[in-house]
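Trainee: I would like to go through the labels used for this model and check the grounds for each.
Mentor: Then ask about them one at a time.

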Amino acid sequence: MPFVARKSLLKRRLKEARKTQVALAKWLRVSRQRVNDWANNRRPIPFNTQKDIAEFCGCNIDDLWEWEWIPRAEDNRDVDE
């Protein structure tokens with residue numbers, strides 16, 4: 001698994017879309033606290049919900065996360081081996 005989602009960018013995406021956590025909570029029919037937990041990395045966002053959030057914010061699922069590349073051990077070997 002070379003890429004790992006490290007940090008939620010939900011706050012940034014909501015700001016760019018000029019929408020609020022409250023509006024997202026109402027749209028998803030979840031509590032405001034649940035959305036706040038997602039935005040502050042206290043709770044993981046369920047995968048299917050990520051698609052809904054991306055639709056709400058007008059972005060792609062990948063845009064909801066700060067990604068980190070984690071090289072696998074075999075990625076460090078020479079290609080010719």
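Trainee: Why is Arg18 called exposed?
Mentor: This is a predicted model, and the value is computed from it. Arg18 has a relative accessible area of 79%. Exposed means over 50%, so Arg18 is exposed. Arg18 lies in the loop between helix 1 and helix 2, and has a positive phi of about 55° although it is not a glycine.

Trainee: What makes Arg29 count as exposed?
Mentor: Its relative accessible area is 79%, and the cut-off is over 50%, so Arg29 is exposed. The loop between helix 2 and helix 3 holds Arg29. The phi of Arg29 is positive, about 60°, although Arg29 is not a glycine.

Trainee: How do you know that Arg13 counts as buried?
Mentor: The relative accessibility of Arg13 is 14%. Buried means under 20%, so Arg13 counts as buried. Arg13 lies in helix 1.

Trainee: Which residues does Arg13 touch, not counting residues up to four places away in sequence?
Mentor: Cys57, Cys59, Asp63 and Leu64. There is also a polar contact of 2.8 Å between the side chains of Arg13 and Glu16; the limit for a polar contact is 3.5 Å.

Trainee: Which residues of helix 4 are buried?
Mentor: In helix 4, residues 47-57, they are Thr49, Gln50, Ile53, Ala54, Phe56 and Cys57.

Trainee: How do you know that these buried residues line one face of helix 4?
Mentor: Looking down the axis of helix 4, the buried residues fall within an arc of 160°, so they line one face. Asn48, Lys51 and Glu55, on the other side of helix 4, are exposed.

Trainee: What do the buried residues of helix 4 pack against?
Mentor: They pack against helix 1 (10-16), helix 2 (21-28), helix 3 (32-39) and strand 2 (65-69). After helix 4 comes Gly58, with a positive phi near 70°.

Trainee: At what angle do the axes of helix 2 and helix 4 cross?
Mentor: They cross at roughly 125° and come within 11 Å.

Trainee: What is the hand of the crossing of helix 2 and helix 4, left-handed or right-handed?
Mentor: The crossing is right-handed.

How values were computed: Residues are numbered from 1 along each chain as its sequence is written. This is a predicted model: local features need pLDDT of at least 70, side-chain atom pairs count only at pLDDT 80 or more; totals for chains, interfaces and linings use all residues. Side-chain values use heavy atoms; hydrogens and water are left out. Buried means under 20% relative accessible area, exposed over 50%, partly exposed in between (1.4 Å probe, protein chains only). Helices (H or I, at least four residues) and strands (E, at least two) are DSSP runs, numbered from the N terminus. The arc is that of the directions from the helix axis to the C-beta atoms. Contact means heavy atoms within 4.5 Å. A polar contact is a pair of N or O atoms within 3.5 Å; within protein, one must be able to donate a hydrogen and the other to accept it, and residues adjacent in sequence count only if both atoms are side-chain atoms. Axes are lines fitted to C-alpha atoms, for helices over the stretch in contact, and angles run from 0 to 180 degrees between N-to-C directions. A crossing is left-handed if the near helix is turned anticlockwise from the far one by less than a right angle, and right-handed if clockwise.
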